[in-house]
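We will look at charged pairs, then the core, then the surface.

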Amino acid sequence: MKHTFLALLSLTLVACGGGTQPQETPEISIEGNTFTVSENSPILQKIVTKQIEKSSFQTEFQTVGNVRAIAGQLAEVAVPFDGRIVSSSVSLGQKVGRGTTLFTFRSTDFLEASKNYFQAKKSYELAQKNLARKKKLLEGGIAAQRDVEEAETEAALAEAEYQQAENSMGIFGVHADKLSMGQALAVTSPIAGEVVRCETTIGQYVKADDEALVTVANLDKVWVVAQLKEHYFGTIEKGDTAEVFCDSQPENAIQGIVHHIGDILDEETRSAEALVECENSERNLKPGMFASIHFQCIPLKAIVIPNTALFQDGDATTVFVAKGNGVFERRIVRTNHTEGSMACIEDGLQEGEEIVVEGGIFLKR
């Protein structure tokens with residue numbers, strides 16, 4: 001019985017930990033973001049560090065886009081009223097200047113607007129004559145001051161109506177001083193360029209909500225709209241150079257300059273527009289074409305480190321900064337761009353600091 005009791009007591013002590021051996025000292029101790037490796041740990045032999053220094057870094061990447069006419073250099077000309085085409089003055093490929101007549105057409109709406117203009121003009125002229133007459137009568141003591149004031153009010157109202165009617169003619173591109181009653185409306189080009197589309201037929205009846213009949217474009221220069229992915233933001237800026245390639249001449253690199261970088265991100269594609277302006281005197285680039293854009297940014301002096309030094313901790317990118325005597329600090333950094341096996345650091349590191357470039361995986365816990 002005594003031996004049984006001693007055996008049970010012995011088992012109880014073991015179960016409670018009374019027989020547990022002391023644990024060995026860990027090779028790495030962690031306090032917050034500070035990692036301390038013991039002096040005799042073989043881990044130290046596996047860690048390679050390097051002092052940070054700035055070096056020349058040039059970003060290069062390729063993306064896709066499409067060719068577009070420069071804003072304000074393409075005009076799609078439609079009719080402002082329903083009417084019938086009387087004459088056509090241009091043909092495809094023709095060079096035109098601003099104000100060149102493209103076609104003329106007759107419209108009852110334009111006829112009515114012309115009629116209102118001439119009526120307003122006549123009323124204004126009569127009101128001015130009446131005012132001058134009343135003033136002369138007042139000077140002769142025949143008319144009263146009240147009569148002159150009434151004439152002034154009528155003249156002011158007539159002038160306002162006349163100005164409104166004259167402005168409506170300007171909207172149609174008509175010089176009111178050259179307008180004659182019953183004339184056809186001459187539709188003119190708002191820009192200088194080349195006729196790239198012409199769908200006019202003499203006698204054709206057209207409506208105000210129809211598609212444009214004539215398209216005029218100046219394509220001496222064009223924009224190539226590149227889709228800039230989110231992770232490339234900050235890598236290019238206005239004035240950087242780019243090379244544009246299209247399927248029609250895949251070996252021909254067309255030089256371009258970054259004209260503008262959009263500030264609005266497309267939520268679906270996670271990209272913004274970058275406008276690359278290209279000379280296009282040879283007409284190799286045509287609006288609507290797909291293109292490949294190779295960006296080569298201006299070289300910068302920056303902190304560049306190997307990708308092997310970077311670790312992803314949730315949403316944060318981190319490195320280990322060597323503090324000496326086996327002490328390492330885990331620090332969050334912000335990368336500007338990754339090119340091949342190297343990464344450009346935008347924030348988080350200073351020149352002269354020493355970081356772990358190999359073996360950091362042994363510190364990561």
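In this predicted model, Arg 283 is partly exposed, with a relative accessible area of 21%. Its place is the loop between strand E17 (271–279) and strand E18 (290–296), and its pairing with Glu 194 in strand E11 (residues 193–198) links parts of the chain 89 residues apart. Arg 283 also pairs with Asp 220, which sits in the loop between E13 and strand E14 (221–229), 63 residues away. Both partners are partly exposed too: Glu 194 has a relative accessible area of 22%, and Asp 220 has 38%.

The structure holds 12 salt bridges; the table lists some of them.

| Salt bridge | Closest N and O atoms |
|---|---|
| Arg 283 with Glu 194 | 3.7 Å |
| Asp 220 with Arg 283 | 3.1 Å |
| Glu 329 with Arg 331 | 3.2 Å |

In the last pair, Glu 329 is partly exposed at 23% relative accessibility, whereas Arg 331 counts as buried because its 16% is under the 20% cut-off. Shared partners join Lys 95, Glu 194, Asp 220 and Arg 283 into one salt-bridge network.

Now to the inside. Which residues touch the most other members of the largest nonpolar core? They are Phe 103, Phe 105, Phe 110, Met 169 and Phe 172, out of 29 residues in that core. Elements that each supply at least two core residues include strand E9 (101–106), helix H3 (108–139) and H4. H3 gives the most, with four residues.

Helix H4 (residues 145–171) also contains Glu 149, which is partly exposed at 42% relative accessible area. Together with Glu 150, Glu 152 and Glu 154, Glu 149 forms a negative surface patch.

Note on methods: Residues numbered from 1 in each chain as written. Predicted model: local features only at pLDDT ≥ 70, side-chain atom pairs only at ≥ 80, totals over all residues. Heavy atoms only, no water. Patch = residues over 30% accessible without salt bridge, like charges linked within 9 Å, V, L, I, M, F, W, Y side chains within 5 Å. Areas by Shrake-Rupley, 256 points an atom, 1.4 Å probe, with all protein chains shown as cover. Salt bridge = Lys/Arg side-chain N within 4 Å of Asp/Glu carboxyl O. Lys, Arg positive; Asp, Glu negative; His and termini not counted. Charge placed at Lys NZ, Arg CZ, Asp CG, Glu CD. Buried < 20%, exposed > 50% of the residue type's maximum accessible area, 1.4 Å probe, protein only. Core = buried A, V, L, I, M, F, W, Y, C linked by side-chain atoms within 4.5 Å.
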